[in-house]
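The following exercises concern a protein structure and are to be worked with the coordinates at hand. Each task is followed by a solution in steps.

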Amino acid sequence: MVCAGLETLVDQSITGILAFPTSCDYYFYLKMMAAFFIVGASSLFFAEKLRYQKGDMLSCMGISAIATIFMSILGTFLKIIQPDIFIEILVACMIIIAIWIIKK
Amino acid sequence: MVTFYKLFTSFLMIALLVFGLLSFGIQFQSENNVEDPFVENQLINETYGTLQTDLNSYGSESQLQKSLFESDEPLAGFGSILLFSILSAGKVFNGMVVGTFNTLIKLPIVILGVDPVIVSVLGTLLIFSIIMGLWILYKLGG
């Protein structure tokens, strides 16, 4: 994938710079949110495991899913996450939260 | 086997959490004048509205079942006490679980393109769990 260089950036505000990657990859922030979710869940899980010698991965994923939804809402405010991408993130996180609550 | 009480509590908690997250998102976007709010999506709007109506109606329906339960005259059965109002409560509360499931499952079907076969299997599992849970509730009271 070839992206345009930074010299083509017109809007040089924080929002414009943050939104720049979506110009060549529409799903850039979807991937970022997925990465945020995985890092968040793993961090929580391994911190719990270190402290209590055992961890509950599903709970960590549930908590991370809630954090991801909040981050995505902030992303829509900064205009870096489009509504259709946000809805996909919301529904995917909702499924994880539902499984977490039912399993609990 | 999951008990009916646990299933019912889980589904209401899921409905409440999803409703809370949607409410927060809608309010946050409206207060900050986001240009393209996600509530304009027809499916999200419909889900939010249905959840709001359902959760509002659950309070009055529960009150009605409470009144029925209080007015029921207990009969002495074989090793237990018989209360027929529990049948009505079971019918109403199982409707709440199925209603919540039907409202929430629309989102993954349409947005993530979940196969109808998967939804059908999940629905079957849920209904079977409800029937077994209610049977245990009627038979043993717990």
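Two exercises follow, both on a predicted model.

**Exercise 1. The nonpolar patch**

Task: Identify the residues that make the nonpolar surface patch, assign them to elements, and classify Leu78(A) as buried, partly exposed or exposed.

Solution.
1. The patch covers about 570 Å² and is made by Ile14(A), Leu18(A), Phe36(A), Met71(A), Leu74(A), Phe77(A) and Leu78(A).
2. Two or more residues each are given by helix 1 (14-19) and helix 3 (57-77) of chain A. Helix 3 of chain A supplies the largest share, three residues.
3. Leu78(A) lies in the loop between helix 3 and helix 4 (83-103) of chain A.
4. The relative accessible area of Leu78(A) is 33%. Partly exposed denotes the range between the buried limit of under 20% and the exposed limit of over 50%; Leu78(A) is therefore partly exposed.

**Exercise 2. The interface of chains A and B**

Task: Describe the extent of the interface between chain B and chain A, its polar links, and the elements of chain B that take part.

Solution.
1. Contacts join 24 residues of chain B to 23 residues of chain A.
2. The two chains bury about 2000 Å² between them, with 86% of this area on carbon and sulfur atoms. On the side of chain B, Ile14(B), Leu21(B) and Phe28(B) lose the most area to chain A, together 24% of what that side buries.
3. Two residue pairs are in polar contact between the chains, and the count of salt bridges is one. Lys79(A) forms a salt bridge with Glu35(B), with the closest N and O atoms 3.5 Å apart.
4. Helix 1 (4-31) and helix 3 (85-112) of chain B each give two or more residues to the side that touches chain A. The largest share of that side, 13 residues, comes from helix 1 of chain B.

Notes
Residues numbered from 1 in each chain as written. Chains lettered and ligands numbered in written order. Predicted model: local features only at pLDDT ≥ 70, side-chain atom pairs only at ≥ 80, totals over all residues. Heavy atoms only, no water. Patch = residues over 30% accessible without salt bridge, like charges linked within 9 Å, V, L, I, M, F, W, Y side chains within 5 Å. Areas by Shrake-Rupley, 256 points an atom, 1.4 Å probe, with all protein chains shown as cover. Salt bridge = Lys/Arg side-chain N within 4 Å of Asp/Glu carboxyl O. Helix = DSSP H or I, 4+ residues; strand = E, 2+ residues; numbered from the N terminus. Buried < 20%, exposed > 50% of the residue type's maximum accessible area, 1.4 Å probe, protein only. Contact = heavy atoms within 4.5 Å. Buried area = accessible area lost by both parts, 1.4 Å probe. Polar contact = N/O pair within 3.5 Å; in protein donor to acceptor, adjacent residues only side chain to side chain.
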